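Here is a friendly walk through a single model, meant to be read with the structure open beside you. We begin with strand pairing and then move on to the core and a few backbone details.

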Amino acid sequence: MVKKIIHCCFVLFLSIVLLSGCRSNNQAAKTQPQNPNTFEADITVNWEDATFKGHLTRGSAGTCSLKFTEPGSLKGMEFILSGDTLKVAYAGLSFAIDPDSIPQASVARTLLNVLDTMVRRDALHATCKNSVWQYAGTCASGDFIVQVDAQSGLITTLDLPALDLNIQFENVVSL
């Protein structure tokens with residue numbers, strides 16, 4: 001009889017330990033990660049029929065820089081966007097330009113709008129599925145969906161259907 005009671009207590013204890021471990025992991029997946037305000041990443045931009053690749057750096061709210069690696073015609077060119085100011089740098093030269101005069105600048109401005117909206121979070125609808133947080137919101141360029149890794153809190157994808165824009169983020173590092 002004592003053996004049965006000890007055995008039952010052991011099984012109960014083991015069950016509690018195992019189930020509490022499952023609850024912790026499940027709870028962590030349901031807690032929204034804190035997205036970094038500053039980060040850098042390699043990005044692939046699919047916009048309409050064009051594909052661009054580059055390295056994105058977001059140093060603070062309202063600013064970002066994008067240095068193109070592909071296509072070859074843009075390789076090495078850098079867009080530095082701060083508010084409504086666009087600076088283009090290439091081969092050691094840099095100059096300010098009207099952001100509305102370059103189509104690629106609208107992609108950078110849209111990305112900046114979405115990232116700024118992500119920081120505020122109050123205007124976003126968030127859901128978590130399969131270890132991915134999905135944030136739906138609206139910015140000046142239209143409705144967007146951003147996917148964020150549930151464990152790291154780092155952005156993985158941005159979709160803006162109204163502009164036929166998809167951006168994939170890789171090698172994301174919080175600064």
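## How the strands pair

Strands β1 and β11 run antiparallel to each other and are paired over eight bridges. Within this pairing, W47 sits opposite L165 of β11. Please keep in mind as you look around that this is a predicted model.

## The whole sheet

How many strands form the open sheet, and in what order? There are 11, arranged as β6-β5-β4-β3-β2-β1-β11-β10-β9-β8-β7, with antiparallel pairing. At the edges stand β6 (93-97) and β7 (125-129); each has a single partner strand, so one side of each has no neighbour in the sheet. On average, neighbouring strands of this sheet are turned by 20° against each other, ignoring direction.

In a regular strand, side chains alternate between the two faces of the sheet. That is a handy rule to remember while you trace the strands on screen.

## The nonpolar core

Which residues touch the most other members of the largest nonpolar core? They are F144 and F169, in a core of 40 residues. Helix α2, residues 103-120, supplies the largest share of this core, with seven residues. As a general background, nonpolar side chains in soluble globular proteins tend to be buried together.

## Two positive phi angles

Where does D164 sit? Its place is the loop between β10 (155-160) and β11 (165-174). β10 and β11 form a hairpin with four residues between them, and D164 lies in the turn. The phi of D164 is positive, near 55°, and this residue is not a glycine. With a relative accessibility of 46%, D164 counts as partly exposed, because it falls between the 20% limit for buried and the 50% limit for exposed.

N171 is another non-glycine residue with a positive phi, in this case about 50°. N171 is placed in strand β11. Is N171 buried or exposed? The relative accessibility of N171 is 56%, so this residue counts as exposed, the cut-off being over 50%.

## Two prolines in loops

P33 is found in the loop between α1 (2-30) and β1 (39-47). P33 has a relative accessible area of 9%, so it is buried, given that buried means under 20%. How many residues along the chain lie between the positions of P33 and L154? They are 121 residues apart in sequence, while their C-alpha atoms are separated by 8.4 Å.

P71 lies in a loop too, the one between β3 (63-70) and β4 (78-82). The peptide bond leading from E70 to P71 is cis, with omega near 0°.

Technical notes: Residues are numbered from 1 along each chain as its sequence is written. This is a predicted model: local features need pLDDT of at least 70, side-chain atom pairs count only at pLDDT 80 or more; totals for chains, interfaces and linings use all residues. Side-chain values use heavy atoms; hydrogens and water are left out. Buried means under 20% relative accessible area, exposed over 50%, partly exposed in between (1.4 Å probe, protein chains only). Two strands pair if DSSP finds at least two bridges between them. A nonpolar core is a set of buried Ala, Val, Leu, Ile, Met, Phe, Trp, Tyr and Cys residues joined through side-chain atoms within 4.5 Å. Axes are lines fitted to C-alpha atoms, for helices over the stretch in contact, and angles run from 0 to 180 degrees between N-to-C directions.
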